[in-house]
Amino acid sequence: GFVGDKDLQSIDKFPDWISVYDFVRGFLDGDGTIRLRNGKSRVILDTISLLGRESMLLSIERRLGGVLREVKTRGSRTKQLYTLNFGGISAYKLAYLLWNDCSISLERKRIKYLEIEDLCKFYHNNPFALRPSRIKVL
């Protein structure tokens, strides 16, 4: 990838030409999960989660928010893994920033974004909205 040091501890040391959103999208493609669920009338974004080292996830949390939690592992070479979770409206806003108008992404993750794209655009354009009453799809 663009960043050769796989043991990089923080996004704070990135060169200016690397977009944080491009990096997080790539990180999510490799070590992340997008959970969707069926709502009453549409597919709903449940959570976006990243799995990794505490120092890297803390640096992402400082830039993008989220909730950091330690993962209990058994028999793993890595003793301490953490997840950075985005839920609710913050997950929709993050999804919009990661996939709207992006040119490179893992297809199976982009397909999930396309299922919830209307809600992502709604929350991006209405930052104080609690929930959409009706969303127009153009």
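Predicted model: local features only at pLDDT ≥ 70, side-chain atom pairs only at ≥ 80, totals over all residues.
Contact here means heavy atoms within 4.5 Å.

Helix 1 has 12 residues and spans 16 Å from its first C-alpha to its last, close to the 16 Å expected at 1.5 Å a residue. Which residues of helix 1 are buried? They are Val 20, Phe 23, Val 24, Arg 25, Phe 27, Leu 28 and Asp 29. These buried residues pack against strand 1, strand 2, helix 2, helix 3 and helix 4.

Let's follow one of those partners, helix 3. The axes of helix 1 (residues 20–31) and helix 3 (residues 88–99) lie 9 Å apart, at an angle of about 105°. Angles of 65 to 115 degrees count as roughly perpendicular, so that is how helix 1 sits relative to helix 3. On the helix 1 side, Tyr 21, Val 24, Arg 25 and Leu 28 take part, and they meet Leu 97, Leu 98 and Trp 99 of helix 3. Here is that contact sorted by class:

| Class | Residues in the contact of helix 1 with helix 3 |
|---|---|
| Nonpolar | 6 residues |

In soluble globular proteins, nonpolar side chains tend to be buried together. The largest nonpolar core in this model has 32 residues, and those with the most contacts inside it are Phe 23, Leu 45, Ile 48, Leu 50, Ile 60 and Trp 99. Helix 3 gives the most to this core, with 7 residues.

Leaving aside residues up to four places away in sequence, Ile 60 touches Ile 11, Phe 23, Val 24, Leu 50, Gly 65 and Leu 84.

How values were computed
Residues numbered from 1 in each chain as written. Heavy atoms only, no water. Axes fitted to C-alpha atoms, helices over the stretch in contact; angles between N-to-C directions. Helix = DSSP H or I, 4+ residues; strand = E, 2+ residues; numbered from the N terminus. Parallel < 35°, antiparallel > 145°, perpendicular 65-115°, else oblique. Nonpolar A, V, L, I, M, F, W, Y, C, P; charged D, E, K, R; others polar. Core = buried A, V, L, I, M, F, W, Y, C linked by side-chain atoms within 4.5 Å. Buried < 20%, exposed > 50% of the residue type's maximum accessible area, 1.4 Å probe, protein only. Expected span 1.5 Å × (residues − 1).
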